[in-house]
Every structure is written in structure tokens, then in C-alpha cells.
Amino acid sequence: MIFLLSILTILNYNSNSIEINNAWVRPAGKGMNSALYFELKNSSANSDELFKVSSNAAELVQLHKTVNKNGLMEMKEIKSLKINGNQTIKFAPGGYHVMLIKLKKDLKTGNKIGFKFYFKKAGIIKADAVVKSY
Ligand SMILES: [Cu+2]
């Protein structure tokens with residue numbers, strides 16, 4: 001029994017070392033832009049790197065960071081984001097977000113949108129985001 005639990009723990013540890021939690025998207029109409037927010041949690045001891053996010057919901061999906069430039073908030077595309085071992089990074093309004101450019105359909109409150117997150121080590125992780133206003 002203890003042996004079996006150990007194996008299960010190891011399997012669980014490996015498959016869930018990177019988690020995407022509390023993912024949500026702002027409501028917006030077809031042709032407009034929106035943003036995806038979530039918590040990225042790495043519970044392994046090793047670092048990893050998020051380098052791409054994809055979705056069928058928008059024409060273009062980019063990793064963005066909001067920066068304060070002389071008092072003006074400005075968005076900037078980032079190529080990738082490193083996450084350290086045992087670190088949680090919050091993607092939230094005013095900071096990191098995934099930009100959804102030119103939506104292919106209306107995103108209405110309560111809709112679920114599928115996303116794929118691409119990591120250098122963990123590979124592709126799928127997660128659904130719920131559409132809601134914050
Ligand atoms: Cu943006």
C-alpha cells in the first residue's frame with residue numbers, strides 16, 4: 001500500500017508540476033481585443049519557461065507585460081517568461097497577461113475558452129478559462 005502510494009505520488013508530482021489556476025478572460029465582442037489572466041504555479045524544484053500561448057478564440061495571441069513608462073501604462077510583448085522552481089507568477093490586470101488580438105467570436109460571461117500553454121520542459125499544458133468581468 002505504501003509502495004503504491006509512493007508511485008502515485010511520483011506520477012502526480014511529474015504530471016502536475018506546472019499548473020494554470022483561476023484562468024479568466026475579459027468579455028469582449030468579435031473583432032475586438034481581450035486578455036487572459038491566471039496563476040502560473042510551478043511546484044517542482046526546476047525552473048521552466050513559458051514561451052507561447054495559443055487559442056482558437058483569437059487571430060493572434062501574445063504574451064504581454066504592462067509597464068509604467070513615465071507615469072503612462074504601456075503594454076509590451078515579451079518573448080517568453082521564466083518561472084523558477086516552487087514559484088507562482090500571477091498574470092493579472094496591470095501586469096503580465098496574455099493578449100487576445102482580434103477575437104474570432106463574441107466572448108460572453110460564462111463562456112469557457114480553451115488555451116494551450118507551451119513550456120520548454122513541461123511541454124503543452126491545456127487549460128480552460130472562464131469569461132467574466134473582474
Ligand atoms: Cu496586452
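The following dialogue discusses how to read several features of a predicted protein model.

Colleague: Which conventions apply to the numbering and to the confidence of the model?

Modeller: Residues are numbered from 1 along each chain as its sequence is written. The model is predicted, and local features need pLDDT of at least 70, side-chain atom pairs count only at pLDDT 80 or more, and totals for chains, interfaces and linings use all residues.

Colleague: How many helices and strands are there in the protein?

Modeller: Helices (H or I, at least four residues) and strands (E, at least two) are DSSP runs, numbered from the N terminus. The protein has one helix and ten strands, and along the sequence these follow the pattern α-β-β-β-β-β-β-β-β-β-β.

Colleague: What percentage of the residues count as buried?

Modeller: The criterion is a neighbour count: a residue is buried if 20 or more other C-beta atoms lie within 10 Å of its own, exposed if 12 or fewer, and partly exposed in between, with C-beta atoms placed from the backbone. By that criterion, 22% of the 134 residues are buried.

Colleague: Which residues of the largest nonpolar core touch the most other members?

Modeller: A nonpolar core is a set of buried Ala, Val, Leu, Ile, Met, Phe, Trp, Tyr and Cys residues joined through C-beta atoms within 7 Å. The largest such core has 22 residues, of which Leu36, Phe38, Val98, Leu100, Phe115 and Ala129 touch the most other members. Two or more residues come from each of β1 (18–25), β2 (34–42), β3 (48–54), β4 (58–69), β8 (96–103) and β9 (112–119). Strand β2 gives the most, with four residues.

Colleague: Where is Lys116 found, and which residues does Lys116 touch?

Modeller: In a regular strand the side chains alternate between the two faces of the sheet. Lys116 is found in strand β9. Lys116 is classed as partly exposed because 14 other C-beta atoms lie within 10 Å. Not counting residues up to four places away in sequence, Lys116 touches Val53, Ser54, Ile124 and Lys126. Val53 is 63 residues away along the chain, yet the two C-alpha atoms are separated by 5.6 Å.

Colleague: How is strand pairing read, and in which sense do β1 and β2 pair?

Modeller: Two strands pair if DSSP finds at least two bridges between them. Strands β1 and β2 pair in the antiparallel sense over six bridges, and Asn21 has Glu39 in β2 as its bridge partner. Strand β1 also runs parallel to β10 (residues 123–131), to which two bridges join it; here Val25 stands opposite Val131.

Colleague: How many bridges join β4 to β5?

Modeller: Six bridges join these antiparallel strands, with His64 opposite Glu77 in β5. Strand β5 (residues 72–77) is hardly covered, as the count of buried residues among its six residues is zero. Beyond β5, Lys79 lies in the loop between β5 and β6 (81–83). Lys79 counts as exposed because it has 9 C-beta neighbours inside 10 Å. Lys79 and His64 are 15 residues apart in sequence and 8.6 Å apart in space, C-alpha to C-alpha.

Colleague: What phi does Asn70 take in the hairpin of β4 and β5?

Modeller: Most residues other than glycine have a negative phi, and most peptide bonds are trans. Asn70 is not a glycine, yet has a positive phi of about 50°. The hairpin has two residues between its strands, and Asn70 is found in that loop. Asn70 counts as exposed because there are 5 C-beta neighbours inside 10 Å. Lys102, also not a glycine, has a positive phi of about 60°; Lys102 lies in strand β8 and is exposed, with 12 other C-beta atoms within 10 Å.

Colleague: Why does Gly31 count as exposed, and with which residues is Gly31 in contact?

Modeller: Gly31 lies in the loop between β1 and β2. Gly31 is exposed because 11 other C-beta atoms lie within 10 Å. Apart from neighbours within four places in sequence, Gly31 is in contact with Lys102 and Leu103. Gly31 and Lys105 are 74 residues apart in sequence and 7.3 Å apart in space, C-alpha to C-alpha.

Methods: Contact = placed C-beta atoms within 7 Å.
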